[in-house]
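Subject: Structure handover

Hello,

Please look it over before you set anything up.

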Amino acid sequence: MCMCDLEEKYSVIVQKNPKKQRNNLKCSCSIRTIFVINFLYLYFVPADTCTELNLGYCNDLEYSTTIFPNILGHRSRFEAESGAEYLLLSVIHGLLNGECSPEIRLVGCSVLASPCRDNKMIKPCRSTCEALRKDCMHAFEAIEMAWPYFLDCDRFFAANEEGCFDPLSGMRARQEVALSSLSPEEPSTIIQFIYASNAQMYSLLKRTAAKCSHISHVYSIGRSTEGRDLLVIEFTDNPGHHELLEPEIKLIGNMHGNEVLGRQLLIYLAQYLCSEYTLGNQRIQSIINNTRIHILASMNPDGYEVAASEVEESNDPELSNQEGHLLNGWTSGRANAQNLDLNRNFPDLTSVFYRNRRSRHYRIDHIPIPDSYWFGKVAPETYAVMKWTRSLPFVQSASLHGGELVVSYPFDFSRHPQEEKMFSPTPDEQIFKQLARTYADAHATMSNNDTDRCGASFYRNRGIINGALWYSFAGGMSDFNYLHTNCMEITVELGCDKFPSEAELYPEWKRNKEALLSFLESVHRGVKGVVRDTNGNGIKGATVSVRGIRKDVTTAEDGDYWRLVNPGTHILTATAKGYSKVSKRVYLPHNLNKAGQVNFVLEKLPVEPDIDDHLFPTADSWDRFDPYNQFERHGEPVVTEEGIERQEKPWWWNYFSQSGMSSPNWLLKNV
């Protein structure tokens, strides 16, 4: 019998009970069905009477009877099941990637269907709710979801002295029994080695930062062409702040959208650092307590979307062209949504360097960005990374790519324009080789000359090569870092397969984990110190030079500096405009496992005109960034005609908006 027939059969009840009539019965069969079920329940189940618990997602609770109306005012089981609260509990495991599951569901069910004893409702315990909120709030924040209103601990829960019920007591008891049967072992980090979509990546990074909020936080450096966040996760013992003499290092993945292994490795690295620090891993604690680490897992999330969709289609058994992960077109998704190769989109400062290197007076560090660059097409991703690189005193960096198995280092652009493969060293050739060696030697196979490569010949290079000697190109990110800032960046090619299968993700993590950690530790080499005036104040923008290396570094906001140099004897000189020049000799032994500290005190001097003032790039010219203000808009929020910032709905909103029920705006933050 159809439920519409049921309504006709029991319509006599409505006629006999005019007080219970509804004003509008002109509705579809499905809506009438819900009405009739609720109606029959109200009439044939006595009010305030214990009834059998029969909610599909709540049937594993520690009790078997409940009572309606419930705490939220739902008058029947059917009304409770048709609400957004119940729908949320049915999908919460997937939304939170299994975190806080089944705890959220069990506590939520204890509100929708509280236990009943002697025809009286027993509310769930407030202490359980408060502990749950403390442990799981970060998981909701990670997906930008508000804490559900029906889990308001003060409003819908009772104190212990009121005779409340703990919905998690049975689960805890079973867990204790299970744990007692296991042999004691060292705790370990658990990582799920699968691919993460852009939405899942953002969620994982935000959840990781919230879980380790004492050492981590996330921030956005801008947005991609299609409006996706360029999200960075930071690790340090004082998140959000630069500490005096603490070096800053960055790792960047997925610059080319179809080169995805680096993106996944950086997501795993973030989870690993958080978990191992919490578990007491002394090596990880030492790295984080003494270093400020910034991880941009995806610089090109738009390109990743294109690459991932092609791989998904190529694995479809119904399609005849099944290239799968191995080919991926090798170019699909490489560029950003504007079809720009991001590693050719940075200012070509290397040409400026080659033109002026023979001039004794011309400064070849912190070369300003030519105004002409801003008349070209500058990708918002490039713009965001340049602005980010300029804003923090980064010491070293690695950009993770795919397509070969080698580490390359600057210069990437040949010193002779007509030579595509020409050794083109920087003044810091030796320290760059050492940085490249650090990663390649710690990698499981990269430095082995017998390792199969991907077509290029690196015979006897042991896994490292000067970029221009491999192949020359202008506008690269590594050359820009070196010539425009203090930062020294290498490019890590992780392997032949740009988009490996999921089965390869764990083996690749094992091959690269030690190399990543060794690279983070390698920032603590060379010398560091503070340049101060005679009053003890740090001098911002002072230069520190090393005799024999024509590349200076400048001091940060508080006067601290870092200079990567190899072991040996070096003569360092510090100076600043309007101050004296001071030189010091320093010896760095080969067995030194940390940076030597060399401080300088400069005396104030009267400023006199100098020919160098005209030949050196001034701070003002270096500070000219986007002088015509053409690109800042990419990072600004979208505003409606009424002047209200338009908020995009989060990715999980479709779960509820397509269900046909009233949209749960209470799940939206800032509403």
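Cys100 is buried, at a relative accessible area of 14%. Buried here means under 20% relative accessible area, exposed means over 50%, and partly exposed is in between (1.4 Å probe, protein chains only). Its disulfide partner is Cys136, with an S to S distance of 2.0 Å. Cys136 is buried too, at 4%.

Two words on the basis. This is a predicted model, in which local features need pLDDT of at least 70, side-chain atom pairs count only at pLDDT 80 or more, and totals for chains, interfaces and linings use all residues. Residues are numbered from 1 along each chain as its sequence is written, and side-chain values use heavy atoms, with hydrogens and water left out.

**Disulfides**

How many disulfides does the structure hold? There are seven. The criterion is a pair of cysteine sulfur atoms within 2.5 Å. Three of them are described here, starting with the pair above.

Cys100 and Cys136: the torsion about the S-S bond is about -110°, so this disulfide is left-handed. Cys100 sits in the loop between α5 (84-95) and α6 (103-112), and Cys136 in helix α7 (residues 126-142), so the pair ties together parts that are 36 residues apart in sequence. Helices (H or I, at least four residues) and strands (E, at least two) are DSSP runs, numbered from the N terminus.

Cys129 and Cys153: the sulfur atoms are 2.1 Å apart. The S-S torsion is about -75°, so this disulfide is left-handed. It links distant parts of the chain, with Cys129 in helix α7 and Cys153 in helix α8 (residues 153-156), 24 residues apart. Cys129 is buried at 1%. Cys153 is buried at 9%.

Cys454 and Cys496: the S to S distance is 1.9 Å. The S-S torsion is about -80°, so this disulfide is left-handed. Cys454 lies in the loop between α17 (429-442) and β11 (464-466), and Cys496 in the loop between β12 (488-495) and α20 (505-521). The two are 42 residues apart, and the pair links distant parts of the chain.

In what order do the strands of the open sheet run? The eight strands follow β5-β6-β8-β7-β9-β12-β10-β11, with mixed pairing. Two strands pair if DSSP finds at least two bridges between them. The edges are β5 (216-223) and β11, each pairing on one side only. Neighbouring strands are turned by 25° against each other on average, direction ignored.

Strand β9 (residues 394-401) runs parallel to β12, and six bridges join them. Ala398 stands opposite Ile490 in β12.

**Helices on the sheet**

Helix α10 (residues 198-211) lies across β5 and β6 (229-235), at about 30° to β6. Helix α16 (residues 380-391) lies across β5, β6, β7 (248-253), β8 (292-296) and β9, at about 130° to β5. Contact means heavy atoms within 4.5 Å. Axes are lines fitted to C-alpha atoms, for helices over the stretch in contact, and angles run from 0 to 180 degrees between N-to-C directions.

Best regards
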